[in-house]
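Please brief me on the pockets of this model and on one of its helices.

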Amino acid sequence: MSRFLEYLVKNARPLTWVMLALMALLVIADVFIPTGYGRFPFDSIGGFGALYGFVSCVLIIVVSKLLGYAFLYRSEDYYDDALPDGRPRAGAPEPPEKRDD
Amino acid sequence: MTETGALASGTWLHPSLLLILGTLVIPFLRGRVQQGYRLLLSLVFLWVVWTIAPGTYGSLQFLGLDLVPGRVDTLSLVFAYVFSLITVIGTIYSLHLKDNVQHVAALIYAAAAVGVVFAGDLVTLYVFWELMMLASVWLIWRRRTPQSYAAGMRYLLVHTASGVMLLGGIALFYTQTGSIAFEQIDITGPAFYLILIGFMINAAVPPLHAWLSDAYPEATVTGAIFLSALTTKTAVYVLIRGFPGTELLVWMGAVMALWGVVYAVLANDIRRLLAYHIISQVGYMVAGVGMGTAIALNGSASHAFTHILYKALLFMGAGAVIHMTGKSKLTELGGLYRYMPYTFLLYMIGAFSISAFPLFSGFVSKTMVVEAAAVDYRMWIWLMLSMASAGTFLHTGLKLPYFTFLGRDSGLRPQEAPWNMLLAMGIAAFFCVFIGVYPAWLYGFLPAPVDYNAYTLDHLFWELQLLLFTGLGFFLLLKHVGGEPKISIDTDWLYRRALPATARWVGDRGGAAWQGLLTLSRRSIAAFVTGLARHHGPGSVLARTWPTGSMVLWVAIILAGSLLIYYV
C-alpha cells in the first residue's frame with residue numbers, strides 16, 4: 001500500500017498535469033454540452049461551477065485569514081487553564097501521569 | 001402495524017433500556033470476555049433497532065401524563081438505524097481501550113440518543129435529552145487533562161442551559177395546549193422559542209455553537225466518535241420533527257455552514273478543524289429543516305445519515321493519528337502517509353464523502369439539500385451552501401490530510417493504527433462508498449418517497465467543477481493555508497473571558513465600594529462611641545462618683561430656689 005502511495009508522490013508533477021488537463025476538459029465539456037440546469041440566471045453558463053469554486057476557495061481563505069489576523073487569532077496559551085506561575089487553577093484535577101487515550 | 005405495536009406494548013422492551021441494562025454488566029467483566037461482551041451488546045442493539053416494525057409501543061400513564069416512549073415511524077427509524085450502526089463502529093474502534101467509565105458512558109449515551117428519537121412525548125424526550133448530556137460529558141472528562149476537565153464543565157453548563165430552556169418550554173407548552181405529545185410545535189409565544197432555542201443549542205447553531213468546537217477536540221480519542229455522531233444529529237431530528245418550515249432556520253443554517261468553514265481555515269488542531277466542519281455540515285441539515293419541503297426534509301435526514309458515517313470516519317482517522325503520535329496540531333504533523341498508509345486512505349474516503357465527490361455518500365445527500373434550495377429559487381442560500389461545499393473540500397479534503405499525511409516530514413515515525421481502529425474505519429468507509437454508489441438503499445428508508453436523482457449530468461458537472469477548482473485554489477495558495485500555532489476566539493470567548501472579566505471588575509469595584517462604605521460607617525460609629533465615652537466613660541462627667549455632702553448642698557439650693565419662686 002505504501003509503495004502505491006510512494007509511487008503517486010514520486011510522480012506528483014506529471015499527475016498534476018494530467019489533473020489540470022482533465023479539469024480543462026471538464027470545463028470545455030460543460031460549455032458545449034447543455035445540462036438543462038436553468039433555475040438561476042448563471043447556472044446555465046458553461047464553466048460557472050469552475051469559476052465559482054475557484055473564487056469561493058480564494059475568498060474563503062482571504063476573508064478568514066483577514067478575520068483571523070484582525071480579530072480572532074490569539075496565542076495558544078490565551079485560555080490557559082493554569083495560573084501564571086504554572087500551578088493548575090483551583091478545582092482542576094492533577095495532570096495524570098499519562099493519557100489513557 | 002400500529003395495532004400489533006399496541007398489542008405488543010405490554011411486553012415491549014425499549015432498545016435503549018436493553019442497552020442501558022446491558023452496560024451494567026460491563027464493569028464486572030475483564031479482558032477478552034469484556035471485549036466480546038461489548039461487541040455482542042452493540043450488535044444485539046443494532047439487530048433490535050433494525051428489526052423494529054413502525055408502530056407505537058409501551059405507552060403508559062404517569063402522573064396524569066400520556067407517555068409514549070416508543071413512537072417508531074420512518075423519520076425516527078432513519079436516525080435510530082444510523083445511531084445503532086455507529087454504536088457498533090464506535091465499540092469496535094474502542095475495543096483496545098481499558099476504561100470502564102468510558103465504555104458505560106458511551107453506550108448509555110447511544111441508548112439515550114435512540115431514546116430521544118423514539119420519544120413520542122416531550123417529557124420522555126426531555127429525560128433522554130438530559131441523560132445524553134450526563135453520559136456524554138464523561139467522554140470528555142476521561143481524557144483526564146486539566147483542559148478536558150474545564151472544557152467538560154463548560155459543555156455541561158451550556159447543555160444545562162439548553163435543558164432548562166427545553167423544560168421551561170415544555171411546561172409552557174403543556175399549560176397552553178394541555179398535551180405533551182411531540183409533533184410539530186405549532187403554537188406561538190415563548191414556549192415555541194424556548195423549545196426552539198433548546199434544540200438549537202444542541203444543534204450548535206451560531207451563536208450558540210461554541211460548546212462543540214470547545215469540547216470535542218478535548219474529548220478522548222474514542223469518545224469523540226460517539227460525540228461527533230449523536231448530540232447534534234438528535235437535535236437535527238427534533239428540529240425536523242418539531243420545526244419544519246421555520247424560515248429563520250434557513251438563514252441560520254446557511255450562516256452556520258459558512259461559519260464553520262471560516263473557523264476551519266484558522267484551526268490548527270485537527271479535531272477542532274473537524275469539529276468546525278460538523279457545525280458547517282449540520283448547517284445544511286438545519287437549512288433543509290427551515291425550507292421544510294419534502295425534498296428538503298429528506299435531504300436533511302439523509303445528510304444526517306451519511307454525515308454520521310463519514311464524520312465518524314474522519315474523527316477516527318484523526319483520532320488514530322493522535323493515538324499513535326500524541327500530536328494533534330497541523331504545525332507538528334506531516335509526512336505520515338509512509339507510516340500510516342491505511343489510516344490515510346480510509347481518512348480520504350471520509351474526506352471525499354464529506355466533500356460530496358460523486359460515488360461517495362455526501363454526494364447523494366448534500367446535493368439533495370442544495371437542490372431543495374434551487375427548487376425553491378432561493379438563490380442566496382444556494383450560493384452560500386455551494387460556497388460552503390467548496391470550503392468543506394478545502395479543509396477536510398485538502399488542508400488537513402495534506403499537512404498531516406503529506407507535506408513536510410515532521411520526523412514522526414508512528415506505527416500503523418491498531419487493527420480494531422482500522423476495522424472500524426473500514427466499516428464506516430464501506431458505508432460511505434456503498435451509499436454513494438447505491439443511494440437507493442438509503443433513499444429506501446427516508447421519511448418521504450424520494451423523487452430525486454443525484455447522478456444527473458448537471459449535478460456531476462457542477463459538483464466536479466466546484467471541487468476541482470477549489471483544489472486549484474488550494475494549491476496556488478498552499479503557502480498561506482497551513483496551520484498556524486495560534487488559537488482563534490469564538491463566541492465562547494464571552495463566557496470564558498468577557499463574563500469572568502466583568503465579574504472580576506464588578507467584584508473589585510464592588511469590593512472597594514463596600515470597603516469604603518465600611519470605613520465610613522466605622523468612622524461615624526467610632527465618633528459616636530468616642531462621644532459616649534467622653535460623657536459616660538470612666539472618669540467622665542456623667543460617670544463620676546459624687547460625694548453625698550455635695551448632693552445635700554445641691555438639694556438645699558434647689559429647695560431654696562423653689563421656695564423663692566413659690567413666694568415670688
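The second largest pocket has a volume of about 790 Å³. A pocket is an open set of points on a 1 Å grid over the protein atoms alone, where a 1.4 Å probe fits and protein lies on both sides within 12 Å along at least five of seven lines; lining residues have an atom within 4 Å of a point. The model is predicted: local features need pLDDT of at least 70, side-chain atom pairs count only at pLDDT 80 or more, and totals for linings use all residues. Residues are numbered from 1 along each chain, and chains are lettered from A in the order in which they are written.

**Second largest pocket**
- Its lining has 34 residues, and E218(B), D269(B), R272(B), K329(B) and I487(B) are the closest to the centre.
- By class, the lining has 19 charged (Asp, Glu, Lys, Arg), eight nonpolar (Ala, Val, Leu, Ile, Met, Phe, Trp, Tyr, Cys, Pro) and seven polar residues (the others, Gly among them).

**Largest pocket**
- The largest pocket has a volume of about 1400 Å³, the space filled by probe spheres set on grid points joined across faces, edges and corners.
- Among its 34 lining residues, T16(A), L398(B), Y402(B), L406(B) and F475(B) are the closest to the centre.
- The lining divides into 26 nonpolar, five polar and three charged residues.

**Helix α17(B)**
- Helices are DSSP runs of H or I with at least four residues, numbered from the N terminus.
- The 19 residues of α17(B) should span 27 Å at 1.5 Å a residue, and the end C-alpha atoms are 26 Å apart, which agrees; the expected span is 1.5 Å times one less than the number of residues.
- Buried residues (under 20% relative accessible area, 1.4 Å probe, protein chains only) of α17(B) include M421(B), M425(B) and F431(B).

Definitions and conventions: Heavy atoms only, no water. Helix = DSSP H or I, 4+ residues; strand = E, 2+ residues; numbered from the N terminus. Buried < 20%, exposed > 50% of the residue type's maximum accessible area, 1.4 Å probe, protein only.
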